[in-house]
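The sequence and the three-dimensional model are shown first.

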Amino acid sequence: MVMISPSLLSADFAILGEEVKRITEAGADLLHLDIMDGHYVPNLTFGVPVVKALRPLTKIPFDVHLMVENPDFYVEPLAAAGAEMVTVHVEAARHLHRTLQAIKGNGLKAGVALNPATPLCTLEHVLSELDLILIMSVNPGFGGQKFIPGSVGKVASLKKMLQEAGAAPLIAVDGGMNRETAPQMIAAGADIIVAGSAVFGAPDLKEAIAALRG
């Protein structure tokens with residue numbers, strides 16, 4: 001069954017703790033936390049202290065998406081803060097293989113995010129290190145953007161690539177996910193749907209999460 005990972009970026013920042021409890025009770029499988037530094041992307045969100053503060057409030061795994069210029073600096077602190085998975089962008093990691101090894105060396109699951117213009121071939125030599133591949137179906141940096149339709153074919157191509165390589169990282173999709181777009185990505189091979197406003201903006205969180213599963 002596909003997993004739903006609500007994106008904290010769309011939560012009410014004035015009551016983050018309550019929001020985390022709400023999505024936990026609603027049946028979320030993961031919590032997607034976007035850390036942005038204002039450099040790799042223009043937006044600035046939150047950092048490791050927020051991850052640490054929220055960790056005691058739920059038992060669901062924390063999937064931390066680093067949109068930062070120096071992801072290596074965050075790995076050890078995030079492990080200490082209670083994250084379970086850390087995803088980095090190909091363009092942000094100066095030595096991607098080394099960064100992935102550092103993530104796994106700290107007991108975390110390792111993910112790589114691909115922007116809309118980043119080709120799948122950038123993963124060829126690191127597939128054995130990956131637990132997750134995050135396909136961005138919008139450009140990174142802001143919530144609420146319009147879904148890029150070409151991302152469906154990219155997920156399908158990635159699924160085929162993984163099957164041919166005998167690799168089994170999970171495929172996640174982030175950006176513009178809702179009741180119309182999520183089924184397309186699931187049909188193409190996505191294992192995890194990252195959704196922001198489609199969950200946190202819904203009147204019934206439990207129903208919204210169930211609807212995204214298809």
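## Basis of the description

The model is predicted, so local features need pLDDT of at least 70 and side-chain atom pairs count only at pLDDT 80 or more, while totals for chains, interfaces and linings use all residues. Residues are numbered from 1 along each chain as its sequence is written, and side-chain values use heavy atoms, with hydrogens and water left out.

## Overall form

The protein chain contains 8 helices and 8 strands; helices (H or I, at least four residues) and strands (E, at least two) are DSSP runs, numbered from the N terminus. The radius of gyration of the protein chain is 16 Å, close to the 17 Å that the globule rule gives for 214 residues, so the chain is as compact as a globular protein of that length. Here the radius is taken over C-alpha atoms, and the globule rule is 2.2 Å times the number of residues to the power 0.38. Along the principal axes, the C-alpha atoms fill a box of roughly 40 × 35 × 30 Å.

Of the 214 residues, 53% count as buried. Buried means under 20% relative accessible area, exposed over 50%, and partly exposed in between (1.4 Å probe, protein chains only). The accessible surface of the protein chain comes to about 9,400 Å², and 54% of it belongs to carbon and sulfur atoms; accessible areas come from the Shrake-Rupley method with a 1.4 Å probe, and for residues only the protein chains shown count as cover. Among contacts (heavy atoms within 4.5 Å) between residues at least 6 apart in sequence, 64% join residues at least 24 apart.

## The nonpolar cores

A nonpolar core is a set of buried Ala, Val, Leu, Ile, Met, Phe, Trp, Tyr and Cys residues joined through side-chain atoms within 4.5 Å. The largest such core has 63 residues, and those with the most contacts inside it are L8, L33, L78, L100, L123, L158 and M185. Helix α5 (residues 151-165) gives the most to this core, with 5 residues. A second, separate core of 10 residues includes M85, L132, M136 and A172.

The surroundings of M185 may be listed in detail. Leaving aside neighbours within four places in sequence, M185 is in contact with S137, F147, S151, V152, V155, V173, M177, A190 and I193.

## Helix α3

Helix α3 spans residues 72-81, and within it V75, L78 and A81 are buried. Seen down the axis of α3, its buried residues fall within an arc of 135°, so they line one face of the helix; the arc is that of the directions from the helix axis to the C-beta atoms. The face turned away from this buried side carries the exposed residues F73, E76 and A80.

The buried residues of α3 pack against β2 (31-36), α2 (48-54), β3 (62-67), β4 (85-89) and α4 (96-105). After α3 comes G82, whose phi is positive, near 110°.

Strand β6 (residues 132-136) is mostly covered, with 5 of its 5 residues buried. In a regular strand the side chains alternate between the two faces of the sheet. In β6, L132, L134 and M136 point one way and I133 and I135 the other way.

Two strands pair if DSSP finds at least two bridges between them. Strand β5 (residues 109-114) runs parallel to β6 and is joined to it by 4 bridges; the bridge partner of V112 in β6 is I133. Strand β7 (residues 170-174) also runs parallel to β6, with 5 bridges between the two, and L134 stands opposite A172 in β7.

N115 lies in the loop between β5 and β6 and counts as buried, at 10% relative accessibility. Beyond its neighbours within four places in sequence, N115 is in contact with Y40, H89, E91, M136, P140 and K154.

G27, between α1 (16-25) and β2, is partly exposed at 29% relative accessibility. Not counting residues up to four places away in sequence, G27 touches I209 and R213. G27 and E207 are 180 residues apart in sequence and 9.5 Å apart in space, C-alpha to C-alpha. G196, between β8 (192-195) and α7 (197-200), is buried, with a relative accessible area of 16%. With residues up to four places away in sequence again not counted, G196 touches S7, S10 and G201.
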